[in-house]
Amino acid sequence: MGRGLLNDRVAIITGAGSGLGRCVALEYADEGATVALIDRDRAGLAQTQAELERRGRPGLSYPLDVTDYEAYRAAIADVVQRAGKVDILVNNAAIARYGTILDDTLEDWRETLRVNLEAVYMGTKLTVPFMVERRFGRVISTASIQGFLSSGGCGAYNAAKGGIIALTKSLAVELAPYNIAVNAVAPGFMRTPMSVIDGVDETTTEDFQTWYVQKRHIPMARTGYPEDVSGAFVFLASDYCRYMTGQVLVIDGGLTSTF
Ligand SMILES: NC(=O)c1ccc[n+]([C@@H]2O[C@H](COP(=O)([O-])OP(=O)(O)OC[C@H]3O[C@@H](n4cnc5c(N)ncnc54)[C@H](O)[C@@H]3O)[C@@H](O)[C@H]2O)c1
C-alpha cells in the first residue's frame, strides 16, 4: 500500500489498459488518488478496472481513442463533473511502428505522430483550463530515451518522443504562473506488450541479452519493468515535486550513461 502521497488528487491516465499506464494507475490509486483510465483497448481497460476494484478503489473508465478530439473532450468533462476536478494528467498512450526512411510509409508516420504527439497536445489543451481555474496541476508525459537517441528503424516514434520533450519545456514555461508543473519521464527498455515485435519480446532475444545484459550496455544488467518506472510518476505528481518543471527523468538502468 501507498503512503497517501496523492490523497484527494484526481488523475487522468491514458494508455491505462496495459503496461506502464496500468502500473501508474494502480500506484496512483494505492497512493490515494481517484483515477480516470483512458484506453482504446476495452479488454485491457476492464482488467485495470478490475484490479482497482480488488483494491477497493474503483476508478472511472473511458474506452476511447485519444486521437478522437470530441470523445477525449467529453471524457475530460465527465471526469470533472463526477470527481469535481482534475489535478494530474498522465499522457502515456502510444504506439510503435517500425521501418526506416527507405521503407516506412507516410501513413505510419502520420498515425504515429497523431497518437504519440498530437494527442499529448490535445489532452493537455483540454485539461489545463480546469487546472488553471484552481491554480494547481501536474502534467506528466511518457517520452522515451528514443526522444534523444535512436536505435534506427522508428523515426516517427523518435520524432514524436523528441517532440514531447520539447513540448514539455514549452508548456512548463507557459503554465508555471498557474502552479502547473509539466515534466516527462523517459524510460529505457521496459518489458511490456510494446516490447513485443512480430511476436517476439525484444528484451528476451539472444542479441539483447548478449549486448545489453552480459556486456552491460545496460549497466544495471537487466531490462526494466513498469514497476521500475512508475515511482517517478508518483513523485512527479506528488507534493514532493513542487519546484521542478520542464524536466525529463530518464529511467534506463544506466543505458544512456555508458557507450
Ligand atoms: N515498452 C518500452 O520499452 C518503452 C520504452 C520507452 C517508452 N515507452 C513508452 O511508455 C508508454 C507506455 O507504453 P507500454 O510499454 O506500457 O506499451 P503498451 O503497448 O503496453 O501500452 C500502451 C497502451 O496505449 C494504448 N493506446 C495506444 N494507442 C491509443 C490510442 N490511440 N488511444 C487510446 N489508447 C491507446 C494501448 O491500447 C495500450 O493499452 C508509451 O508512451 C511508450 O511509448 C515504452
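**View 1. Buried residues of helix α7.** In α7 (residues 226-237), the buried residues are Pro-226, Asp-228, Val-229, Ser-230, Ala-232, Phe-233, Val-234, Leu-236 and Ala-237. Buried means that 20 or more other C-beta atoms lie within 10 Å of the residue's own; with 12 or fewer a residue is exposed, and in between it is partly exposed, C-beta atoms being placed from the backbone. This is a predicted model: local features need pLDDT of at least 70, side-chain atom pairs count only at pLDDT 80 or more, and totals for chains, interfaces and linings use all residues. Residues are numbered from 1 along each chain as its sequence is written. Helices (H or I, at least four residues) and strands (E, at least two) are DSSP runs, numbered from the N terminus. Because 9 of the 12 residues of α7 are buried, the helix is largely enclosed by the rest of the structure. Its buried residues pack against β1 (10-14), α1, β4 (88-91), β5 (137-142), β6 (180-187) and β9 (248-251). From first C-alpha to last, α7 reaches 17 Å, close to the expected 16 Å; the expected span is 1.5 Å times one less than the number of residues.

**View 2. Helix α1 and its cover.** In α1 (residues 19-30), 11 of the 12 residues are buried, so this helix is largely enclosed by the rest of the structure. Among the buried ones are Gly-19, Arg-22, Glu-27 and Tyr-28. The cover over them includes β1, β2 (34-39), α2 (42-54), β4, β5 and α7. Just after α1, Gly-32 has a positive phi of about 105°.

**View 3. Tyr-28 in the nonpolar core.** The largest nonpolar core has 64 residues, and Ala-11, Ile-12, Ile-13, Tyr-28 and Val-35 have the most contacts inside it. Such a core is a set of buried Ala, Val, Leu, Ile, Met, Phe, Trp, Tyr and Cys residues joined through C-beta atoms within 7 Å. Apart from neighbours within four places in sequence, Tyr-28 is in contact with Leu-6, Ala-11, Ala-33, Val-35, Val-234 and Ala-237. Contact means that two C-beta atoms, placed from the backbone, lie within 7 Å.

**View 4. Strand β4 between its partners β1 and β5****.** Strands β1 and β4 run parallel, joined by 3 bridges, and β4 pairs with β5 in the parallel sense over 4 bridges. Two strands pair if DSSP finds at least two bridges between them. Val-90 is the bridge partner of Ile-13 and stands opposite Ile-140 in β5. Ile-88 and Val-90 point one way from β4, while Leu-89 and Asn-91 point the other way; all are buried.

**View 5. The shell around the ligand.** The ligand is surrounded by 27 residues, the closest being Gly-15, Ser-18, Gly-19, Ala-94 and Met-194. A residue is near a molecule if its C-beta atom, placed from the backbone, lies within 6 Å of it. Helix α1 gives the largest share of this shell, 3 residues. By class, the shell has 11 nonpolar, 12 polar and 4 charged residues. Ala, Val, Leu, Ile, Met, Phe, Trp, Tyr, Cys and Pro count as nonpolar, Asp, Glu, Lys and Arg as charged, and the others, Gly among them, as polar.

**View 6. Asp-239 in the loop between α7 and β9****.** Asp-239 counts as exposed because it has 9 C-beta neighbours inside 10 Å. The C-alpha atoms of Asp-239 and Leu-5 are separated by 7.4 Å, although the two residues are 234 residues apart along the chain.
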